[in-house]
Amino acid sequence: MQQRKTSATPRMLGLDRRRLIAAVGGFIATPSIGAAWAEDGGVSGQYQKVRREIAAGREIRIGRVALDIPRLAESGNSVALRVTVASPMTEADHVRAIHILSEKNPVALIARFQFGPRSGRAEAQTNIRLATTQLVHALAETSDGGLWEASTEVVVLLAACLDGS
Amino acid sequence: MRLRRIVMPEIARAGEVIEIRTVILHPMITGHTAAGAGVSGRRIVHTFHVHYDGAEVFRAELGPGIAANPLLTFTTVATRTGDVVFTWMDDTGETAVETRLLTVAPA
Amino acid sequence: MRRGVAGKALRRALAAVFAAIAPFAAEAEPKARSAREFLSLELAAEQADETLNRGMLWVELGERLWKDGSVPSGRSCASCHGQPGGMRGVATRYPAINRETGALVNIEGRINGCRVQHQSLPALAYESEELLALTALVAHQSKGMIMSVAVDGAARGFLEQGRAVYESRQGQLNIACSQCHEQNVGRKLRGDVISSGLGVGYPAYRLTWQGLGSLHRRLKACQQGVRAAEFEPGSTEHLSLELFLAWRARGIPIETPGIRR
């Protein structure tokens, strides 16, 4: 029987749920969120290279940077990111740039924002792509040459339903 | 790139920090294939910059890790009445420019 | 004998308890829940803030197209309908029966009907940027208003056809819409939360699509998911299903442009 009305009895509901889970599990191979950690390879060499280039031998200190990004991303296609650096943003003391780096994307440098005293605040918001669960870093460069960092691990969930539409 | 959206105040007081939100229609094609990153037909908006009152007030260099239809929000200090000029540049050499007048009242 | 009475009393008491539980266990048709209840805080925030909602790009294009009178007839949407704001409330009543033809039309169909009959323009292709933009513009005018489609008269037959599609097992996975979107609402499917399957945010900006898409495209994606034969966008099957979903959404506010996973 290809087409059949569904029953509403509890017994049928249980059966249907098991079938549903089996069926969905069948077409996505792994039926749990745990699969998000499956690709737990190393940090890309490109990430390390870009990070070294930005640092140029300078010490990177933790602090001053607030990286606002969800810990759990529903889709790697678009993850809202907001970064803010505490700074007076004066001619003498301001943030020159913020680099957004990914440890495991095919391209490590997601974005580089450039600011000046006329920016008012060292703050930017965008949406980023994440290939997999990983650490995202925001590195801020101040006008005195200082480097400050904030990092957040983002778990990227995988969708249950395929969609080639 | 034919659709662009800019949300910002039309009037501000001198010295006030205003927030500007921009979105542009763009597929941000990564060009990633099994053979490597960005090897086949990459087409992304790689640069966005904003000029106002004789200076560049914000610039963003973007990689393929930016989501399709890039949204960028940032701030600037209202100095004097004038055009705020937004420019997006993509891999095909296409450039999109939008201009908005910001009227600045004395503080 | 005394034991028999006690047994009877116990059975009666148990029967009363079961009778009380039964309506919950046997799931009286669960009330559909608003689509935004299934969004994460981040996506709900993007949807709510129109300065961040990327679907607004298409709404703005729709505004431009609405006023565009550079067509052979010289008639724009605005020439007849005035400001887009005049469309407030329209989306709560669609899909609806076209009184002249007796056909069921959704907003896309209504826009194309206008183009062909009143503007001497060819119909826009389903899923084209322009049709999505105009549909989003019209639906957006009713944002926050609650769905209330008419299902009497000629609409009744379409509603039942839509219900039949909704409740029939489809595809190689042999799953009906209702099995996910009624019987397992709120449960997790891998990283997804199963929603009530309402169309109140469409056309919606879907992260999977990285752009705006129609409800029919979304329905096709579901059919693909269960490996069923896919109905064509704009087909009677999809329109009937859209009417049934709109009826299920009665009392629930429109969110267009919604942000969806």
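Is Phe244(C) buried or exposed, and what is its relative accessible area?

Modeller: Buried: Phe244(C) has a relative accessible area of 1%, where buried means under 20%, exposed over 50% and partly exposed in between, with a 1.4 Å probe and protein chains only. Bear in mind that this is a predicted model, with local features needing pLDDT of at least 70, side-chain atom pairs pLDDT 80 or more, and totals for chains, interfaces and linings using all residues. Residues count from 1 along each chain as its sequence is written, chains are lettered from A and ligands numbered from 1 in the order written, and side-chain values use heavy atoms, leaving out hydrogens and water.

Over all chains, the whole structure has nine aromatic pairs (Phe, Tyr or Trp ring centres within 6.5 Å, Trp by its six-membered ring; planes under 30 degrees apart are stacked, over 60 edge-to-face, the rest tilted). A handy reference sits in chain B: Phe58(B) and Phe74(B) are stacked, because their ring centres are 4.4 Å apart and their planes are at 5°. Phe58(B) belongs to strand S5 (residues 55-62) of chain B and Phe74(B) to strand S6 (residues 71-77) of chain B, so this pair ties together parts 16 residues apart in sequence (strands are DSSP E runs of at least two residues, helices H or I runs of at least four, numbered from the N terminus). Both Phe58(B) and Phe74(B) are buried.

Tyr166(C) sits in helix H7 (residues 155-167) of chain C and Phe244(C) in helix H10 of chain C, so to speak a link between distant parts of the chain, 78 residues apart. Tyr166(C) counts as buried too, at 2% relative accessibility.

From Ser168(C) to Gln179(C) is eleven residues in sequence, and 9.5 Å in space from C-alpha to C-alpha.

Two packed helices are described by the angle between their axes and the distance between the axes. For H9 (residues 215-225) and H10 (residues 236-248) of chain C, the packing angle is about 100° and the axes are 11 Å apart (axes are lines fitted to C-alpha atoms over the stretch in contact, angles run from 0 to 180 degrees between N-to-C directions). H9(C) and H10(C) are therefore roughly perpendicular (65 to 115 degrees; under 35 is roughly parallel, over 145 roughly antiparallel, the rest oblique).

From H9(C), the contact uses Leu215(C), His216(C), Leu219(C), Lys220(C) and Gln223(C), while H10(C) brings His238(C), Leu239(C), Leu241(C), Glu242(C) and Leu245(C) (contact means heavy atoms within 4.5 Å). Sorted by class, the H9(C) to H10(C) contact comes to five nonpolar, three polar and two charged residues (Ala, Val, Leu, Ile, Met, Phe, Trp, Tyr, Cys and Pro are nonpolar, Asp, Glu, Lys and Arg charged, the others polar, Gly among them).

As for H9(C) itself, eight of its eleven residues are buried, so this helix is largely enclosed by the rest of the structure. Among the buried ones are Arg217(C), Ala221(C) and Gly225(C). After H9(C) comes Arg227(C), with a positive phi near 55°.

Elsewhere in chain C, Gln47(C) lies in helix H2 (residues 41-48). Gln47(C) counts as buried at 6% relative accessibility, and its contacts include Arg36(C), Lys143(C), Glu255(C) and Arg260(C), leaving out residues up to four places away in sequence.

For the wider setting, look at the other chains. Chain A has two helices and nine strands, and 50% of its 165 residues count as buried. Chain B has zero helices and eight strands, and its C-alpha atoms fill a box of roughly 60 × 20 × 20 Å along the principal axes. Buried residues make up 50% of the 107 in chain B. Phe58(B) and Phe74(B) turn up again in one aromatic cluster with Phe113(A), Phe115(A), Phe48(B) and Trp88(B).
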